[in-house]
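Please read these notes alongside the coordinates.

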Amino acid sequence: MNCFGCCATCHPRYRRLVDAIYPSAPESGLVKNNMQKLTFYAISHPEKLDRIGGYLSRRVGRDVLRQRIGHVRVAVEAMNQLLVACHGSPSLNLYVESFLTMVHRLLETRLPDMELLATSSFVNFANIEEDTPSYHRRYDFFISKFSSLCHNNAADLAVRQKLRAAGIKGLRGVVRKTASDDLQANIWEKQHMDKIVPSLLFNMHDSVNISFGSSEATDQSSLSAGDTDDRPSHLADSCLRELIGKASFGNIRNALYPAATHFDLHHLWTPPKFAISVFEAIVYSVQSQYSYVVIQMLNDHLGKHGTDSAEVRCGIATVLSRIVVIAATASIGPSIFEIFNSMLRHLRQSAELQSSDSDGTSDQEKVYQDILINTMANFADNLPDYQKVEIMVFIIGKLPSNTTDKLSDKFLQHVLMRTLHKVATKYRTSHLSTVLTSTFLEPLLRMSLVDDSGVRLLVLQILQTLVDRHQNLPLLQKLQSVESFEAFDPSKFCVEKFSRADAMFVHKFSNSLLLTLYDASMMANNERSNYHAIFVTMALLFLELGCESVILDLFRLAMALQHAIMDKESALTTCQRVHIKAIVAQFVFVAASFLSIPSLTKHSLHLLQESRDNGLHPEDVHYSLDVTTDDASGVFLFDSESADLLADDAPDLPNLDASSWLDGEELKESLKLRDYDVARLGQPFLPSMRKAESAKLSNNSTDSRSSSCVSESSASSNSARGRKASKRLDSTLQQDGLVFPATVDGLRQALTRTTDCWTQKEQERWKETIEMFQTMPFAQLVEIQQQKRSRLNATVERLFQDGHLQSTGGKSRICKVEFPELFVY
């Protein structure tokens with residue numbers, strides 16, 4: 001014994017100090033006086049710190065093997081105190097290696113008490129900020145071990161809760177130690193994120209949906225009441241938020257993909273309640289400039305499920321719709337178009353699935369489409385106005401131009417128009433020229449003439465939404481029954497003064513809008529909602545663009561519609577005539593009410609009442625359309641005989657010829673009393689409108705004439721009048737070499753010619769000209785040109801003479817120029 005005692009006294013001092021901290025009875029705990037001596041020695045001799053740590057670590061390993069749990073606790077407490085006291089020591093990195101080795105050994109014991117003790121020590125270490133971090137340190141084992149603790153399934157509920165909470169705290173310690181420093185161990189690698197994120201989500205979901213037995217549920221409630229903050233679900237939620245908050249742009253996706261994969265593997269998209277809570281926590285925690293990355297990732301993930309059931313896609317889309325409101329404010333630049341493009345791609349894919357409808361999932365596909373459409377609308381609602389306009393132009397550019405062959409294109413057309421209408425409702429128009437540009441309005445108006453009446457209705461609703469700047473649309477939409485017109489009050493509407501910006505818009509697009517309304521009224525498969533939308537659009541144009549030219553053109557449109565339904569040779573059915581007559585009477589009533597023309601107001605209201613009394617009110621007219629489905633191809637088949645609306649099977653409808661009409665002369669006199677230029681009303685609607693449109697497209701330089709041209713036109717006014725008179729006396733009409741009789745039928749024939757006819761005529765003329773110059777001799781060509789030569793010399797001489805008369809001093813400063821004959825060639 002004396003020999004052993006002599007050997008003990010020969011041990012190094014640090015070993016003697018370490019041995020002195022162990023009590024004779026392990027239950028007594030650490031000897032505090034000796035621990036203070038050891039701490040003072042470690043601070044005074046920092047070069048000995050790594051040796052102290054190594055010796056304590058070896059003793060812990062030996063005590064664990066011998067099941068000396070009391071001595072293990074003493075050693076762990078001593079190492080924790082040394083770590084805190086010497087955190088600024090230059091030898092701390094070497095001591096930490098021994099400390100982590102000790103934690104590693106304790107975690108490998110598979111004893112719950114030792115695992116909890118080791119986790120507590122690691123958390124204390126993670127909370128210490130090192131002055132000189134070690135970049136070679138690895139935490140792979142700790143990530144794996146703490147993740148396995150998060151999935152602990154011990155029989156005892158209390159032990160299970162403690163071990164899972166310990167695992168989550170350990171993962172949070174690893175995140176705090178490494179995530180904020182890019183030079184530390186790369187915790188954002190896929191192999192680590194695939195363990196951390198699913199472990200956190202498992203504990204967040206486990207407390208919500210895993211059903212325990214009755215006794216376990218009682219125990220859990222008692223535990224939750226005792227310490228709510230240590231519940232695994234709360235700890236996992238806070239850890240996930242902290243992890244996402246530390247993610248940079250290059251690392252955020254590595255944390256998001258494991259979350260989406262976890263929801264796939266455990267079928268957590270349906271119902272989407274838990275997924276919504278998780279992704280809302282992610283979006284709120286991520287740095288604001290990276291929030292759009294979450295939307296992009298979820299969009300891409302939705303694309304991967306394009307062939308899955310509609311229920312799963314609805315769940316993912318629901319999650320997407322809840323987070324776009326949070327993340328949209330930070331989304332700028334090209335990322336917006338990328339997000340909308342992916343959503344439109346999902347809509348196209350859904351429309352194709354809906355068109356096939358092989359398993360009866362069309363209703364679910366429609367729900368999925370509604371979710372996506374609302375998502376895009378909510379996303380656009382949080383964007384600036386200029387980006388909303390760009391989004392609408394982007395959406396209308398995705399519309400299929402030709403829908404005659406594929407039924408899926410028709411579905412897509414309808415879906416995209418619904419999307420455009422939803423986005424338009426989020427835009428507040430201040431200037432019409434800002435949103436209704438040519439790139440947007442022209443394709444929109446083309447869509448108003450497609451075969452699908454539902455698409456045409458959406459086009460009119462989009463126009464109404466964008467034109468309505470003073471919230472008059474809800475009041476106009478209520479004007480449907482005769483009683484609503486009888487209770488009409490113009491004072492409830494907001495009408496402002498016509499502005500210069502509106503005048504520019506009217507000059508560019510008024511003719512196109514009115515022609516579109518006329519053509520839309522003539523469509524054969526219009527429904528009652530289509531006709532009412534046409535009336536509302538006309539009334540909105542009257543209120544928002546109430547200049548003299550627009551008002552007169554709207555009245556011209558109304559009279560043109562009336563002439564169309566009065567024409568007995570027209571192909572319009574009785575039902576169409578009833579609705580169009582209602583449009584005319586309703587618009588004239590609204591316009592006359594605002595213009596304070598009592599006679600027109602009374603007369604138009606009398607027409608509406610008369611139609612109701614005679615059973616001709618649009619609400620009393622129904623449609624009959626037989627639709628069948630081809631079982632082989634799945635294509636909808638329409639019966640041609642029943643496609644017309646109440647064509648031959650409505651003998652109970654009265655004859656429209658017996659009804660009264662609006663008097664054009666009375667309209668002119670009433671407007672003349674209001675100082676309107678009624679001469680414009682005398683112009684035929686369709687020819688003048690189409691001519692103005694063609695002139696606007698073909699010639700854009702007519703407004704830049706010089707003052708000399710004005711004098712030339714005044715000098716040749718007599719000859720122009722002679723030419724106009726000769727044209728009026730001529731018994732034929734000639735247009736591009738084609739001769740038509742000077743009758744109404746001839747005029748209709750000239751106006752209804754197709755574009756292919758004009759193209760063919762132009763090609764023939766071009767071939768004749770080429771052939772003439774290739775075959776005729778030069779002398780004959782000169783003779784033809786002399787016969788057709790213009791009066792260029794006479795015109796130039798007349799201009800020179802005008803300049804000579806206006807010059808002072810009586811001397812002519814302009815010489816007479818005689819152009820050679822070959823000049824005209």
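1. Partly exposed means a relative accessible area between the buried limit, under 20%, and the exposed limit, over 50%. By that rule Asp385 is partly exposed, because its relative accessible area is 39%. The model is predicted.

2. The side chains of Asp385 and Lys388 form a salt bridge, with an N to O distance of 3.8 Å. Both residues sit in helix α19 (residues 385–396). They are three residues apart, about one turn of the helix.

3. Helix α12 (residues 232–245) holds another pair, Arg241 and Asp237, four residues apart. Their side chains meet in a salt bridge at 2.9 Å, N to O. Arg241 is partly exposed, with a relative accessible area of 34%. Asp237 is partly exposed too, at 23%.

4. Are Arg556 and Asp553 buried or exposed? Both are buried. They form a salt bridge, and the closest N and O atoms are 2.8 Å apart. Both lie in helix α28 (residues 548–566), three residues apart.

5. The salt bridge count comes to 15. Some are linked: Arg469, Asp502 and Glu544 make up a network of salt bridges.

6. Now Val506, in helix α26 (residues 500–521). Val506 counts as buried because its relative accessibility is 7%, and the limit for buried is under 20%. Beyond its neighbours within four places in sequence, Val506 is in contact with Phe498, Leu545, Cys547, Ser549 and Val550. Leu432 is 74 residues from Val506 in sequence, yet their C-alpha atoms are 9.6 Å apart.

Conventions
Residues are numbered from 1 along each chain as its sequence is written. This is a predicted model: local features need pLDDT of at least 70, side-chain atom pairs count only at pLDDT 80 or more; totals for chains, interfaces and linings use all residues. Side-chain values use heavy atoms; hydrogens and water are left out. Helices (H or I, at least four residues) and strands (E, at least two) are DSSP runs, numbered from the N terminus. Buried means under 20% relative accessible area, exposed over 50%, partly exposed in between (1.4 Å probe, protein chains only). Contact means heavy atoms within 4.5 Å. A salt bridge is a side-chain nitrogen of Lys or Arg within 4 Å of a carboxyl oxygen of Asp or Glu.
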